[in-house]
Amino acid sequence: MNVPNLFSAEGGDTFDTYDEFVPDSVPEPGPFIADHDVLTGADHLATHRLARSLFEERGVYDMTFGYNLARLNVDRRHPDAGFRYAREADDDAVLRAEFTPTTEFCPQSDTLTVGAMRAFNGEAHRHEYDLVRVRVSPMHQEAIAINGKLKRQEAALRDGEEIPAGPAGGSF
C-alpha cells in the first residue's frame, strides 16, 4: 500500500517534484491572468519556489491537506487546483496570482487567498515586484465576495497602507 508522506520534499506517486514544470498538474490560466504574460517553465518554477518559501514563513497552509498551500501545485490528485502566475501586461512590476481551489465550495478560499496576498506583499523585499495581485478563480461560489475583499486590500497597498495584522482570513 502506497501511503503518501505529505511532509516529504519529493512525492513518489502522489506529488510531482518542485524542480519540474508539469502543465498537466496545474490549473489552466483563468480570466484574471489569461490576457497577461502567463509564467511557464523556469519562470513559473522560480515564482512558485518563492511562493512556497513565503507561504512557509507566513503560515499559509491548507488545513484540509495539512500542507503548505504551494504544495497543491505538485499534488497529482488535484491537477486542476493551485496557483498560476502572470506578469501584468502593462506593468512588469506587478505579478498576478490566480488561485483555483479543489472545489467550488472550498471553505478556505477566502483565508488562503488573503493569506497569499499578505505573504507576497508583506515580504516585498524578497522579490522583484512592486505589487502582487491575488484572486480566486471565478469557479468558486464566493469568488465575487472574495475577490472584492482582495481588490480592497490591493487598493490599500497601492495607497501605501500597511498590510493589516491578524488572522489571514480577517476582514479588511
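A contact here means that heavy atoms lie within 4.5 Å. By that rule, among contacts in the protein between residues at least 6 apart in sequence, 67% join residues at least 24 apart. The structure is a predicted model, in which local features need pLDDT of at least 70 and side-chain atom pairs count only at pLDDT 80 or more, while totals for chains, interfaces and linings use all residues. Residues are numbered from 1 along each chain as its sequence is written, and side-chain values use heavy atoms, with hydrogens and water left out.

Of the 172 residues, 49% count as buried (under 20% relative accessible area, with a 1.4 Å probe and protein chains only).

An open sheet with mixed pairing is built from 4 strands in the order 1-4-5-6; strands pair if DSSP finds at least two bridges between them. Its edges are strand 1 (37-38) and strand 6 (131-136), each pairing on one side only. Strand 4 (residues 82-88) and strand 5 (residues 91-100) run antiparallel, joined by 7 bridges. For A86, the bridge partner in strand 5 is R96.

Helix 2 (residues 109-122) packs on this sheet and touches strand 4, strand 5 and strand 6. Helix 3 (residues 143-158) also packs on the sheet, touching strand 5 and strand 6. The direction of helix 2 makes about 170° with that of strand 6, and for helix 3 the angle with strand 6 is about 170° (axes are lines fitted to C-alpha atoms, for helices over the stretch in contact, and angles run from 0 to 180 degrees between N-to-C directions).

Key
Buried < 20%, exposed > 50% of the residue type's maximum accessible area, 1.4 Å probe, protein only. Helix = DSSP H or I, 4+ residues; strand = E, 2+ residues; numbered from the N terminus.
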